[in-house]
Amino acid sequence: MSTTRARPMRRILERVLLPGTVEEIELVGRRMRRIRITGTSLRDLAWTPGQHTRLQVGDLLAPQIWLRGFRDALRTYSIWDYDHRGSLDLCVLDHEGAGPGATWSRRVRHGDQVAFTRPEGRFVTRSGAPYHLFVGDETASVAFGAMLRALSGTCRVYGVVTAGEPGERLPVPRSNELTWLYRGEDPSDDTDLLVRAVRSLTLPDGPGVAYLAGQARTCQAVRGHLTRDRDWPRDAVLTKPFWAPGRRGLD
Ligand SMILES: Cc1cc2nc3c(=O)[nH]c(=O)nc-3n(C[C@H](O)[C@H](O)[C@H](O)COP(=O)(O)OP(=O)(O)OC[C@H]3O[C@@H](n4cnc5c(N)ncnc54)[C@H](O)[C@@H]3O)c2cc1C
């Protein structure tokens, strides 16, 4: 893009995206990096646990990015933790697909400048639920961790979460109240694993509120089980597909 056209575009982007600096990078689990971003623009943002941000992982001013409709320049990440004094933590999985998001997480360094949107999204815990059911994979466990941290200790919690192996588990609160399953050498398609596990969960009589996230097909299959086999109303099941094999940058 020419400099004259790039300048106004840069100003628009600066209005939409907040600037921050990478302050910490920590490997939490074998393939997950917790990345702390700090900055004055992060002070006193409105954030509800479960919400996400869209992070710039490529050059938004590059002509090829515009031709592809930003697909490779932004990726969506749940906010693992937020401090209103000006920092937020993301946890990014370094998966085999090695798309722009995973590549960014591998290359990012302490002190790098980053840009991202304000927290957004409706994948948040519903107050007054008789109980809460969390189902998903390790990417989903980022949002679940934030949601569980915010729930009162008196709320009843159930859940099934998958990871490649025990060393890939995120340290989510109330972890011992969830069932953890490991794919081992299996490829990451864990739909059957999760559906079978949810099917065999002993849940209280009557529906609670379910939060399903992670692979798109799994969300759909677990939702089908809850609404069809357990007779849950559709609005008691919140789904947020995070990724799908062969698709790029779901949001
Ligand atoms: C609301 C929301 C919240 C999200 N929160 C998180 C989060 O907290 N942490 C996180 O890591 N991701 C999260 N994601 C997913 C994230 O946005 C990206 O889709 C993911 O990082 C993959 O991006 P990529 O550029 O590396 O690969 P893409 O270019 O998007 O995908 C390339 C290929 O990689 C494969 N692939 C993608 N993701 C996975 C995976 N998890 N496991 C195995 N193969 C995969 C697929 O075959 C895909 O076709 C979230 C998505 C949404 C919509």
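Q: What is the shell around the ligand made of, by class?
A: In this predicted model, the shell around the ligand has, by class, eleven nonpolar, twelve polar and six charged residues.

Q: And which residues come nearest to the ligand?
A: There are 29 residues around the ligand, and of these the ones that come nearest are Gly97, Gly99, Gly101, Ala102 and Val142.

Q: Which one gives the largest share?
A: That is E4, from which four residues of the shell around the ligand come.

Q: Where does the shell draw its residues from in terms of domains?
A: Domain 1 (3–116) and domain 2 (132–243) each give at least three residues to the shell around the ligand.

Q: OK, switching to the domains themselves: how many residues are in contact between domain 1 and domain 2?
A: On the side of domain 1 there are 13 residues in contact with 15 residues of domain 2. The elements giving two or more residues to the side of domain 1 that touches domain 2 are strand E4, at 74–83, and strand E5, at 87–93.

Q: New topic, the helices: at what angle do H5 and H6 pack?
A: Helix H5, residues 191–199, and helix H6, residues 216–229, pack at an angle of about 25°, and their axes are 9 Å apart. Angles under 35 degrees count as roughly parallel, and H5 and H6 are therefore roughly parallel to each other.

Q: Is their crossing left-handed or right-handed?
A: The crossing of H5 and H6 is right-handed.

Q: Which residues make the contact, and what classes are they?
A: From H5 the contact is made by Thr191, Leu194, Val195, Val198 and Arg199, while H6 brings Arg217, Thr218, Ala221, Val222 and His225. By class, this contact of H5 with H6 has five nonpolar, three polar and two charged residues.

Terms used: Residues are numbered from 1 along each chain as its sequence is written. This is a predicted model: local features need pLDDT of at least 70, side-chain atom pairs count only at pLDDT 80 or more; totals for chains, interfaces and linings use all residues. Axes are lines fitted to C-alpha atoms, for helices over the stretch in contact, and angles run from 0 to 180 degrees between N-to-C directions. Angles under 35 degrees count as roughly parallel, over 145 as roughly antiparallel, 65 to 115 as roughly perpendicular and the rest as oblique. A crossing is left-handed if the near helix is turned anticlockwise from the far one by less than a right angle, and right-handed if clockwise. Two residues are in contact if their C-beta atoms, placed from the backbone, lie within 7 Å. Ala, Val, Leu, Ile, Met, Phe, Trp, Tyr, Cys and Pro count as nonpolar, Asp, Glu, Lys and Arg as charged, and the others, Gly among them, as polar. A residue is near a molecule or strand if its C-beta atom, placed from the backbone, lies within 6 Å of it. Domain bounds come from an automatic or database domain assignment.
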